[in-house]
Structure formats: C-alpha cells, structure tokens
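Visitor: Please take a close look at one part of this model, a sheet and the loops around it. I would like to follow it step by step.

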Amino acid sequence: MTTQELEKFCAAVRRDIINMTADAGSGHPGGSLSAVELMSAAFCTQMRVDPKNPHDPDRDRFVLSKGHASPCYYGVLGELGFFAKEEFKNFRQLHAILQGHPDVKKVPGVDASTGSLGQGVSIAVGMALGAKHLKKDTRVFAMCGDGEAQEGQLWEAFMSAAHYKLDNLTVLFDNNGLQIDGSNEEVMSLGDLPAKLRAFGFDLIELADGNDIAAVVEALARPAVPGKPRCILAHTLKGKGVSFMENQVGWHGKAPNEEQRVAALAELEGM
Amino acid sequence: MAEKIATRAAYGEALIELGAQNDKVVVLDADLANATQTAKFQKAYPDRHYNMGIAESNLVSVSAGMSTMGLIPFCSTFAMFGAGRAYEQVRNSVAYPHFNVKLCMTHAGVSVGEDGGSHQAIEDLALMRVIPGMTVIVPADAKEAKKAVFALAELEGPAYLRLARLASPVFEEDYPFEIGKANVMREGPDAAIFTCGLMVSECLEAAKLLEADGIRVSVINVHTIKPIDADCVTEYAQKCGKVITVEEHSVIGGLGDAVADVLMGKVACKFKKLGVNDRFGQSGKAEDVLREYRLTAGQIAEDIKAAL
C-alpha cells in the first residue's frame, strides 16, 4: 500500500470506530483512535495473514493486549475482509462475534482473547517462544497501552522476551498519555519509559508522532536486531482525528451520541 | 501398600515418558523445577523446558500463547501460586479461550507440612472447579498421577492436575483411569465415602477400622472433580443412603460441594463433609499437620462413625 492508500485505510478504520461505538452506545473510542496507524501499518505492511485463511498455522500473529481498543482492531480486520462489515453494527450486542473485548473463539483474525490488561503481551511472548521452539519464521506483534504499563505482568512479559531473545516479537506501545481516571502522570507516573524499556532489553524505536503513518511504516520496516525483542514506543494522541475527542480523558470509555457521531464523521470525511 | 511415592514425583517421571512419545509436549516452570519435579524433564529434554523465573502470571499466560502454536504446554509451579496468584491468568488467558494448557500444580493441601499456611493451597479445587470448561483431576497415588498425565495430553482443552508434595502409599492393584469415571475401591452398604487424592488411602484404612466395628462402607475415588461422575455418585448415594466426603481441601467449594451439587434435590440421604473446616493451614511435620486437621485414617473413621 502507498502512504496515500494507508491514510485512506486509516480514515475508514476511524469511521468504523465512531460508528461501532455510537451504534453500541458504549465502548472505547479514545484509545482506539490513538492506535489506528500502529495497527493498520502492522497489518497492511508487515503481517503475513490471509483473511480467507485466518487459521493458517504459518501466519504471523497479532495480540491486542490493550483489548479495550477492540473497535480499532475490528475496524482493521473488517476493512481487510476477515469478516463481513455488517458485523460492526452488532458490536457489544448479545450473541455478536464482536464482543466488548476480543474473543479468539468468535472473531476470525483474532489470535488471543484479551482485555484483562498485562496478559496479552505475555501471550504474545508465548507465541514468539513457541515459534522459535518450532523453528518457524512466524513474527508476533503485540500492542500494549501506557496505562497497562502499571500492571506488573507487563514487565514480567518484557523480561522474559529479552531473556529468550525473542527477535521475532514486536511490541507496539501506544503511549497516548491518558487513562480512565486521568493522565498517566496524575494516576501513576510511568517515569522514564524509554530508559525502562531499554533497560528491559528492547531494541527500542521511539516515534515522536505515532499517528504519522509514514513514520510508523518506516519504523516497522527496519530489520530486527538479532537476539533482541523490539519495542516501538509511539507517542500518540488519544482520540486522534476527532477534534473534540483529542487528548480528552473523558473519551476513554464513552460512546458518541448521534450528534457527536455526525460531527465526528464529518471531520473524518475530510481525511 | 508398602511403597510410598509422591504424586509430584510420578508427574516428573511421567513427563519424561510422555516427552519421548509426543514431541508437542513442552514444560514450563517458575523457578521450582526441583520441587515440582519438572527438572527431570529438563534434564532429559533441555531444549523443551522453559523456566519463566519467579513470575507466575507470566508463566501461565506464556503457556497460553505457546498452546496456540500447536504445542502442549505442561505448566507447573506450586498450587498456591498457579491456582491462587495466577488465578485470573488461568481464567482469562487459558480457560476463557479454552486453550490447550495443562496446569499441573504441586504442593497442594496441608500435607505440604513445614512451609506452613502461606504455602498450603486449600482452596485450589474450588477456584479451578468454578471455571467453565476446566477439567479438574486429583490423583490418589503415583500410578494414577502417571495415567492422568498421559490422559491429559490426549485431552483437548484446559485442565488442572492437583499434585502433592508428601510421599504417599501406592496401591498394589492397577486401577483403570478414565477422566470423569470414578473408581469404586471398596464396597459396603452402610455409607458411601467419596474421596480423592491422598485421602483415598486414608479412607481405605478408615474403612478397615470401621469394619472391625461392624460398619461396612463403600470407598469411591473421585479422581475427576470436574466433570464429576454424576452416575456413580448418584448410584452409591442411593444405594447407601448416607454420604460422607473426605478431602484435603477446604470443605467449602471442593469435592464435598461437587458431590452435593450432584445429589441436591435428587437423592435424599444423610450428608457430611470432612476436610479443612474454613481454617488456614500451618507449619509442622506433614503427618502432624494432617492430624491437626483430622485427616488421618483413625480420625476419619471416628468422624464417619459420629456422622452415621
């Protein structure tokens, strides 16, 4: 995909996020909108996956450790054709495949059930370790959030990724700076994240703008450093693309009403 | 019943044999490989054993991830940490997606002994039993533990295997083992004693003591707590009219409650649960601790007699 095509893809995913959360009347638009470029670039430019054969044992894997960003995940998978886009309307409804948080048993393209923070990256470590064990060239991508970095398990996962030299693992770190109760700084400051991530053994790539699709694509394309897991620490904007949602704590877990949906879609049409 | 072998030791031996037959089997531990006995597998297959360090949450979720690659992870640590500390990882990383992870946890129950109450899991069966789709097995002796390991490798889906630290009697008879099928170890009309794990041999001894007093009881080894053998439980409860459950676990949520769930509203019978009565464990020699909690043959016989 060209940069222009990727931008269009990202805009479509943003509209999906707005529509899904508005239809459901609940969900997490803020942290979904911040993650769009990271997830879209991973799926569209790096991952070897086939929407028609979602269980191919030789596919690359993706784990959304920050599972509440499911609207973004479903948007990406739906746009790629893993399931019919009609499913978007049933997001969070009884018997829907698109559960509030990703369910591996229900959604083609989802590789792990996540949402309980801290566990997804560990699961991704298990996949990467399993791939190494089986001498497969599978690559594993995991996305975590910054609030999630308050979970001790995330650091257990990071420690084990370095210990087992998982250079087939890429952690996409969506650093939008906000969580439900406020900013990371107010709730529980994360300190010097780049230093911590380097100290945990990552080949660290820091992106000043994690919503710059070209920059994300370039970072993902860099060759792996042998013996080291990679982390892309992406500074992103929560609510990115919808002016009244941008950098607003209140839009972490609140759905747009009809008026807000119309306003948001109008802004995203121009993208 | 001369020889004594701990079920954890049998687990370690079984893994080596299983590993030779099934190259999908990998073993994960959390810095307790000598205690859980997975070190034996590590020695035999160093490139198939992964030590995750003292990080049980990660241990369980990493096992979940490995299972998605087509491997069969046997995940081991102490029951306190595997079923307790990492409970939510077992629930959400492993069981919710119904991944094929075998949670084989040792040092369950008060027979841990000297390490004390902080390390004696008396609630692990309750915690595991309540999870949808989880198979829960408590082998009675070393032979059964070995059979259970092989059976679990064939079972698709999450399972919990409860293993003991203490060396316990090995039955001379070679009983068949089928997941979900209880073994009747002794027949008697006066009461049905449903038990599991190390308490099976204690109950068989208790049955002998009772017989000397003219009381003849059936002893049923309910090695699979979930899915429980409802037919067998119902049959013996009806036949005997008096039911006593005996377990090295809290009387809340374990075997006793699993048996009660089968019988409630279905079979009218006298019912008594023997086990750890809503207390924590404590330090002491395993035999002394078991005696403190009235989990030895003589005490069990007395308590059965009192309940009849």
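Guide: B:Asp31 counts as partly exposed, because its relative accessibility is 44%; partly exposed lies between buried, under 20% relative accessible area, and exposed, over 50% (1.4 Å probe, protein chains only). This is a predicted model, in which local features need pLDDT of at least 70, side-chain atom pairs count only at pLDDT 80 or more, and totals for chains, interfaces and linings use all residues. Residues are numbered from 1 along each chain as its sequence is written, chains are lettered from A and ligands numbered from 1 in the order in which they are written, and side-chain values use heavy atoms, without hydrogens and water.

Phi of B:Asp31 is near 60°, a positive value in a residue other than glycine. The residue sits in the loop between strand S2 (25-29) and helix H2 (33-36) of chain B. Helices (H or I, at least four residues) and strands (E, at least two) are DSSP runs, numbered from the N terminus.

S2 belongs to an open sheet of 7 strands with mixed pairing, in the order S3-S2-S4-S5-S7-S6-S12 (chain B); two strands pair if DSSP finds at least two bridges between them. The edge strands, S3 (49-51) and S12 (224-226) of chain B, each pair on one side only.

At the S12 end, strand S6 (residues 135-137) of chain B is joined to S12(B) by 2 bridges, and the two run antiparallel. Here B:Ile137 stands opposite B:Thr224 in S12(B).

The peptide bond from B:Lys226 to B:Pro227 is cis, with omega near 0°.
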